[in-house]
Amino acid sequence: MTQPAGVSPHALKNPDASASPGAHMAEELASQPDIWACAASLHGEQGMLPRHGTRIAVVGCGTSWFIAQAYASLREQRGRGETDAFAASEAFVDRDYDAVVAITRSGTTTEVLELMDRLRGRVRTVGVIGDPESPLVDLVDDAVTLPFADERSVVQTRFATTALALFRASLGESLDDAVSDARQAVLEELDPVLVASDQFTFLGRGWTVGLAHEAALKMREASQSWTESYPAMEYRHGPIAIAAPGRTVWHFGEPPAMLASDVLATGARFECRSVDPMAELVRAQRVALARASARGLDADAPRNLTRSVVLGG
Ligand code: F1P
């Protein structure tokens with residue numbers, strides 16, 4: 001394979017061309033329950049994350065930004081310290097934080113590297129990184145590497161959720177229910193009517209807002225589907241105009257009062273289950289993959305995307 005201009009060799013851990021379309025994504029998303037259990041047992045790595053009570057910012061791009069949002073919300077909710085989440089390109093980091101945490105599977109994303117470089121020597125930086133040989137490892141004060149969660153598919157599934165499993169464990173949560181619910185999500189038969197939905201809007205509250213954004217991104221990346229995502233209480237402030245028969249509104253976690261009936265009144269499908277929201281994300285990933293194969297798309301190599309965005313050059 002020739003190297004595209006401006007893309008580092010690290011950006012080329014792309015799918016094996018001989019694999020069948022979407023095979024990497026299928027294998028990687030199915031491995032999530034086992035890999036989360038592994039992350040939950042990594043007490044050394046959890047101990048490298050900022051201590052309870054510290055004020056921190058968490059940054060990333062794309063999927064990694066959405067995981068930053070989920071972590072920030074959970075850390076605040078659990079009273080573990082003020083936590084802000086920013087897209088790396090729009091981060092307000094000069095706010096006397098005790099630490100800035102960067103999440104990135106590739107460790108090569110330009111906006112993340114530039115931000116961490118700018119912060120060198122000014123604030124403690126921690127990277128949560130998939131590729132242990134990537135340039136970010138040497139740029140941050142502390143690198144938490146999760147090579148066992150790295151992926152061949154361009155579309156991220158397990159690195160993102162494994163980072164979140166590590167964060168949840170570091171905040172004192174048990175991952176047992178998430179792991180067992182995800183085992184079900186990996187095996188269950190998908191409803192063909194859900195898979196064939198005309199449009200999806202994903203909703204969440206608190207930490208599941210980030211998961212909703214991530215599910216919507218997954219569906220766009222893998223299957224070029226029309227998706228939207230919002231904090232659940234924002235949904236009735238306009239976006240509900242999109243709801244209609246043949247379309248799906250999918251809430252992660254406990255929904256707000258009356259939301260189900262308001263959605264059902266539009267004729268749209270309301271999807272919501274009392275399981276761990278990370279297991280619901282796994283189900284959404286599977287729907288994305290099923291829609292990609294139904295459309296003859298290769299979810300491992302989506303249109304216009306590369307493993308990481310490396311700018312300039
Ligand atoms: C971030 C990211 C992905 C996205 C796309 C481009 O990568 O934005 O979320 O799906 O493939 O890169 P990273 O910084 O986590 O490696």
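An oxygen atom of the ligand lies 2.9 Å from a polar backbone atom of Arg105, and an oxygen atom of the ligand is likewise found 2.9 Å from a polar backbone atom of Thr63, where a polar contact is a pair of N or O atoms within 3.5 Å. The side chain of Thr104 takes part through an N or O atom, which is 2.8 Å from an oxygen atom of the ligand. The model is a predicted one, in which local features need pLDDT of at least 70 and side-chain atom pairs count only at pLDDT 80 or more, while totals for chains, interfaces and linings use all residues. Residues are numbered from 1 along each chain as its sequence is written, and side-chain values use heavy atoms, with hydrogens and water left out.

Around the ligand there are 15 residues, of which Ser64, Thr104, Ser106, Thr109 and Glu221 come nearest; a residue is included if one of its heavy atoms lies within 4 Å of the ligand. This shell comprises three nonpolar, nine polar and three charged residues, Gly being counted as polar and Cys as nonpolar.

The space taken by the ligand is the largest pocket, a pocket being an open set of points on a 1 Å grid over the protein atoms alone, with protein on both sides within 12 Å along at least five of seven lines, and with lining residues having an atom within 4 Å of a point. The volume of the largest pocket is about 380 Å³, and among its 21 lining residues Cys61, Gly62, Thr63, Arg307 and Val309 are the closest to its centre. Helix H10 (208-223) is one of the elements that give two or more residues to this lining, and H10 gives the most, with three residues.

How values were computed:
Polar contact = N/O pair within 3.5 Å; in protein donor to acceptor, adjacent residues only side chain to side chain. 1 Å grid on protein atoms, 1.4 Å probe; cavity = no way out; pocket = protein on both sides within 12 Å on 5 of 7 lines; lining within 4 Å. Sits in = over half its atoms within 2 Å of the grid points. Points joined across faces, edges and corners; volume = space filled by probe spheres on them. Helix = DSSP H or I, 4+ residues; strand = E, 2+ residues; numbered from the N terminus.
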